[in-house]
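My entries follow in the order in which I made them.

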Amino acid sequence: MQNLNTILLQFDIPPGTYEWDFIQAGLINSTYKIYSIGGGNSYLLQQINTNIFTEPERISRNVAIISNYLKHHFPDYLFGHFIPSKTGNTLVVDNGNTWRMQPFFENTYSINTIQTVEQAELTAYEFARFSAMLSNLDSSTLTPAIHDFHNLELRWNQFLAALKSASEERLATAQNEIVTLHNFQHLVGMYTDIVSNKLLPLRIIHADTKINNILFDVATHRPLCIIDYDTIMPGYFISDLGDMLRTMLCIGDENCNDKKQLLIRNDFYHAIIRGYKNGMDGIWSSLEDRYVDYAGQFMTYMQALRFLTDYLNQDIYYKINYETHNLDRAKNQIYFLNQLSSL
């Protein structure tokens, strides 16, 4: 492991005054908690995975814009403003690795699984509140860190391309799933219609609304703020609401091998929608109301396409633990999608 002292020095933290622990959570960046030996402030230091986020400057620029806006309009909101180095830059490049630092929020915790209906509603409210607070900030000032991140038309075209190049063996193994995804192609048409005809307002969204991107207060157990700002970008509410519905409505996840754990909890469904709409109070539009049921199907279908496309492409994107892992992930998303479409 690289000696972190050289990185900390560039953030004006002298050697010997701080220690660090590696934080296991997170699948993309490498994160360390930096804490003072003498009991001072703690920080989060992250090495950015530039294979995924190829232009980390975009993230820094986006966060700086949001940070300045929140400091001026919502100064009490808990936000992990990036800390500048001694040169004034929030990014430090050392030996080809890119680093950034932000405050560590004490007396908070995160969870990996939604356990109660109240948690579901409060979490949805918190993600929506973030978008609502930024509703008067021009979304065009932000630049997506990942191009076409939630572009369903692109994911569909990638799937079609994979069908042409896949091996006969994998095409045969995935035949049922291929047919099912073709049967849901109307979801792509709806997305194209939304974008082409500007049917939904473009908002600043989080774009990765999993439960572990919320910090809870250790005393009240209520959500305090969102974290993980890498994917904050202009987008549509269907991304944020849709990914919450995709990831919070059942006990299991895409890697689950027990279909009973992939059953939708209807009370959670209504709680998430209720919480999100309440969090968007004052800016929620009647147009958005028409696409609430579409949101979960949109994100679940897109993830099914991505898993099956990767399987057909010989597993070049997602890490797998066995040969049909991506195929099984796609099957789980399709199982969930079938439930969503019948609600």
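**Glycine 80.** I began with the contacts of glycine 80, counting heavy atoms within 4.5 Å as contact, and, with residues up to four places away in sequence left out, glycine 80 touches Gln102, Pro103, Phe105 and Tyr229. The residue sits in the loop between helix 2 (56-73) and strand 4, where helices (H or I, at least four residues) and strands (E, at least two) are DSSP runs numbered from the N terminus. Glycine 80 has a relative accessible area of 0% and is buried; I use buried for under 20% relative accessible area, exposed for over 50% and partly exposed for what lies in between, with a 1.4 Å probe and protein chains only. I also took the C-alpha separation of glycine 80 and asparagine 68, which are 12 residues apart along the chain, and found 12 Å.

**Note on the model.** I am reading a predicted model, in which local features need pLDDT of at least 70 and side-chain atom pairs count only at pLDDT 80 or more, while totals for chains, interfaces and linings use all residues. Residues are numbered from 1 along each chain as its sequence is written, and side-chain values use heavy atoms, with hydrogens and water left out.

I next traced an open sheet of 5 strands, whose order is 1-2-3-5-4 and whose pairing is antiparallel; two strands pair if DSSP finds at least two bridges between them. Strand 1 (18-23) and strand 4 (92-94) are the edge strands, each pairing on one side only. From one strand to the next the twist averages 30°, with angles running from 0 to 180 degrees between N-to-C directions and axes being lines fitted to C-alpha atoms, for helices over the stretch in contact. Within this sheet I followed strand 2 (residues 30-36) and strand 3 (residues 43-48), which pair in the antiparallel sense over 5 bridges, and there lysine 33 stands opposite leucine 44.

I then went through the pairings of strand 8. Strand 6 (residues 108-109) joins strand 8 over 2 bridges in the antiparallel sense, and threonine 108 stands opposite aspartate 217. To strand 9 (residues 223-226) strand 8 is joined by 3 bridges, again antiparallel, with leucine 215 opposite cysteine 225. The hairpin of strand 8 and strand 9 has 5 residues between the strands, and histidine 221 takes a positive phi near 60° there.

In a regular strand the side chains alternate between the two faces of the sheet.

**Cores.** I searched for nonpolar cores, meaning sets of buried Ala, Val, Leu, Ile, Met, Phe, Trp, Tyr and Cys residues joined through side-chain atoms within 4.5 Å. The largest has 93 residues, and Phe130, Ile238, Tyr301, Leu308 and Leu312 have the most contacts inside it. Helix 11 (residues 292-312) gives the largest share of this core, 13 residues. A second, separate core has 14 residues, among them Phe11, Leu45, Ile83 and Val92.

**Helix 6 on helix 11.** Helix 6 (residues 175-183) packs against helix 11 at an angle of about 145°, the axes being 11 Å apart. Glu177, Ile178 and Leu181 of helix 6 make the contact with Tyr301, Ala304, Leu305 and Leu308 of helix 11.

**Arginine 170.** Buried or exposed, I asked of arginine 170? Arginine 170, in helix 5 (residues 168-173), counts as buried at 7% relative accessibility. Beyond its neighbours within four places in sequence, arginine 170 is in contact with Tyr311, Leu312, Gln314, Asp315 and Glu323.

**Cysteines.** Taking a disulfide as a pair of cysteine sulfur atoms within 2.5 Å, I found 0 disulfides in the whole structure. The sulfur of cysteine 250 has its closest cysteine sulfur in cysteine 256, 7.5 Å away, which is too far for a bond. Cysteine 250 is buried with a relative accessible area of 5%, and cysteine 256 is buried with 13%.
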